[in-house]
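Open the model in your viewer and keep the sequence panel beside it. The stops below can be selected one after another.

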Amino acid sequence: MNHWVLIVIAAGSNVALNLSLKKGGQALDVSSPWTIVMSILTSGWMWLAVVSAGFLLTAFVAAIRLYSLSLTYTAVTALAMVLLTVIGVMLHQESLNPARIAGLALIIAGLALTAMAGGSS
């Protein structure tokens, strides 16, 4: 399988993991340690986070077997940050200002430069 396909799967899984943790965390009963544990164990969002983490780990490990760790980690993290920002703006009414747009552009430019520099294994 192409390493970029694995990177995209890992980044998408990272996004799903973070969104699931956000939704699950919002519904936690934090009145006592016991209720926190029970809320986590009975939350569908938290179980979805566990499954997403499994996909993330699997795709990431497979990708680093095929390509350099530095590029793979950078790509997964950068893609996840950009996607989470876009989803946050679209679904969670997060603000988007010129500084944030510039930051995202720098992340994308950094990823492109890192990818062009190449380096397998």
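The tour follows the chain through some of its helices and then looks at pairs of side chains. Keep in mind that this is a predicted model.

**Stop 1: helix H1**

Select residues 3-26, which make up helix H1. How far apart are its end C-alpha atoms? They are 35 Å apart, which agrees with the 34 Å that 24 residues should span at 1.5 Å a residue.

Next, colour the buried residues of H1, among them His3, Leu6, Ile7, Ala10, Ala11 and Ser13. Further along H1, Asn14, Val15, Leu17, Ser20 and Gly24 are also buried.

**Stop 2: serine 52**

Which helix holds serine 52? Its place is in H3. Serine 52 has a relative accessible area of 6%, so it counts as buried, the limit being under 20%. Select Ser13, Ala16 and Leu17 to see what serine 52 is in contact with, leaving aside its neighbours within four places in sequence.

**Stop 3: helix H4**

Move to H4, where 23 residues should span 33 Å at 1.5 Å a residue. The end C-alpha atoms of H4 are 32 Å apart, in agreement with that value. Buried residues in H4 include Leu71, Thr72, Ala75, Val76 and Ala78. The cover over the buried residues of H4 includes H1, H3 and helix H5, residues 98-117. After H4 comes glutamine 93, which has a positive phi, near 50°.

**Stop 4: an aromatic pair**

How many aromatic pairs does a search of the whole structure find? There is 1. Select phenylalanine 60 and tyrosine 73: their ring centres are 6.5 Å apart and their planes stand at 80°, so the pair is edge-to-face. Phenylalanine 60 belongs to H3 and tyrosine 73 to H4, so the pair ties together parts that are 13 residues apart in sequence. Phenylalanine 60 is buried, at 16% relative accessible area.

**Stop 5: a salt bridge**

The structure holds 1 salt bridge. Select glutamate 94 and arginine 100 to see it; the closest N and O atoms are 3.4 Å apart. Are these residues buried or partly exposed? Glutamate 94 is partly exposed, with a relative accessible area of 32%, and arginine 100 is partly exposed too, at 30%.

Technical notes
Residues are numbered from 1 along each chain as its sequence is written. This is a predicted model: local features need pLDDT of at least 70, side-chain atom pairs count only at pLDDT 80 or more; totals for chains, interfaces and linings use all residues. Side-chain values use heavy atoms; hydrogens and water are left out. Helices (H or I, at least four residues) and strands (E, at least two) are DSSP runs, numbered from the N terminus. The expected span of a helix is 1.5 Å times one less than its number of residues. Buried means under 20% relative accessible area, exposed over 50%, partly exposed in between (1.4 Å probe, protein chains only). A salt bridge is a side-chain nitrogen of Lys or Arg within 4 Å of a carboxyl oxygen of Asp or Glu. Contact means heavy atoms within 4.5 Å. Rings of Phe, Tyr and Trp (its six-membered ring) pair if their centres lie within 6.5 Å; planes under 30 degrees apart count as stacked, over 60 as edge-to-face and the rest as tilted.
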